[in-house]
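Please look at the sequence and the structure first.

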Amino acid sequence: MSGRGSNMTALVDAVQSGEIPASEVVVVISDNAEAAGLEKARARGVETLVIKRRGRSREEHDADIADELQKLGVELVCLAGYMRILSPEFIAAFPNRIINIHPSLLPDFKGIDAQRQALEAGVRTTGCTVHYVDEHLDNGDIILQREVEVLPDDDAESLSGRILKQEHIAYVEAVRKIVADS
Ligand code: GRF
């Protein structure tokens, strides 16, 4: 997580309430010490770690994160607004164990500003996708999607807000499914 942390919070709340059974949020990691989500995680009693890039290569930064995750015995890595692209080495360290949420119906509108891309393309329906992470951006196998209608007077903010509500539902549903199947 790099910022606001609303998807992270949705997952923590679902684990703590039992909506996602038989699971535990072991740690919340951010590359940004100022991320508002860190305080939200701490307030929920979840351990947090800040691992800054500090001018190092992506590979070195990712190796530090992977070490911490492995030390803590983490089984599933949930990216939630993590604004960096992971190295192939990191992805290989957690095969089929890294998932991400993206605010579009992939494969449409990969990359940043997906909601704005949808508005500019003039689509009538967009949404969000939870997917496995592979070495390509917003590309791995899709776990589930939720649709959101684009309204005639939508701007990027109003559309993003409605998609975000669906993201929270989708992410919880996806993690519940993965935990149940494992
Ligand atoms: C979400 O829109 C997510 O889909 C995207 O980044 C945003 C993060 O929001 N990857 P939050 O930090 O979870 O509130």
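Four helices and strands each supply at least two residues of the lining of the largest pocket: H1, S4, helix H5 (114–121) and helix H6 (156–181). The model is a predicted one. H6 provides the largest share of this lining, namely four residues. The volume of the largest pocket is about 880 Å³. It is lined by 35 residues, of which Gly81, Tyr82, Met83, Ile101 and Pro103 are the closest to its centre. Sorted by class, the lining of the largest pocket holds 14 nonpolar, 14 polar and seven charged residues.

**The ligand**

The ligand takes up the space of the largest pocket. Two elements give two or more residues to the shell around the ligand, helix H1 (6–17) and strand S4 (98–102). Which residues are around the ligand? They are Arg4, Gly5, Ser6, Asn7, Gly81, Ile101, His102, Pro103 and Glu167. By class, this shell consists of two nonpolar, five polar and two charged residues.

| Residue | Part of the residue | Distance to a ligand oxygen atom |
|---|---|---|
| Serine 6 | N or O atom in the side chain | 2.5 Å |
| Asparagine 7 | polar backbone atom | 2.8 Å |
| Glutamate 167 | polar side-chain atom | 2.6 Å |

Taken alone, the ligand exposes 370 Å², and the protein buries 85% of that area.

**The second largest pocket**

The second largest pocket has a volume of about 750 Å³. Among the 32 residues that line it, those closest to its centre are Glu24, Val74, Leu76, Val77 and Cys78. Two or more residues of this lining come from each of H1, strand S1 (28–30), helix H3 (58–71), strand S3 (77–79) and H6. Which element gives the most to the lining of the second largest pocket? H1 does, with four residues. The lining of the second largest pocket divides into 26 nonpolar, three polar and three charged residues.

**Elements found in both linings**

In the largest pocket, both H1 and H6 supply at least two lining residues. In the second largest pocket, H1 and H6 are again among the elements that give two or more residues. H1 also contributes two or more residues to the shell around the ligand.

Conventions: Residues are numbered from 1 along each chain as its sequence is written. This is a predicted model: local features need pLDDT of at least 70, side-chain atom pairs count only at pLDDT 80 or more; totals for chains, interfaces and linings use all residues. Side-chain values use heavy atoms; hydrogens and water are left out. A residue is near a molecule or strand if one of its heavy atoms lies within 4 Å of it. A polar contact is a pair of N or O atoms within 3.5 Å; within protein, one must be able to donate a hydrogen and the other to accept it, and residues adjacent in sequence count only if both atoms are side-chain atoms. Accessible areas come from the Shrake-Rupley method with a 1.4 Å probe; for residues, only the protein chains shown count as cover. On a 1 Å grid over the protein atoms alone, a cavity is a set of points where a 1.4 Å probe fits but cannot get out, and a pocket is an open set with protein on both sides within 12 Å along at least five of seven lines; lining residues have an atom within 4 Å of a point. A molecule sits in a cavity or pocket if more than half of its atoms lie within 2 Å of its grid points. Ala, Val, Leu, Ile, Met, Phe, Trp, Tyr, Cys and Pro count as nonpolar, Asp, Glu, Lys and Arg as charged, and the others, Gly among them, as polar. Grid points are joined across faces, edges and corners, and a volume is the space filled by probe spheres set on the points.
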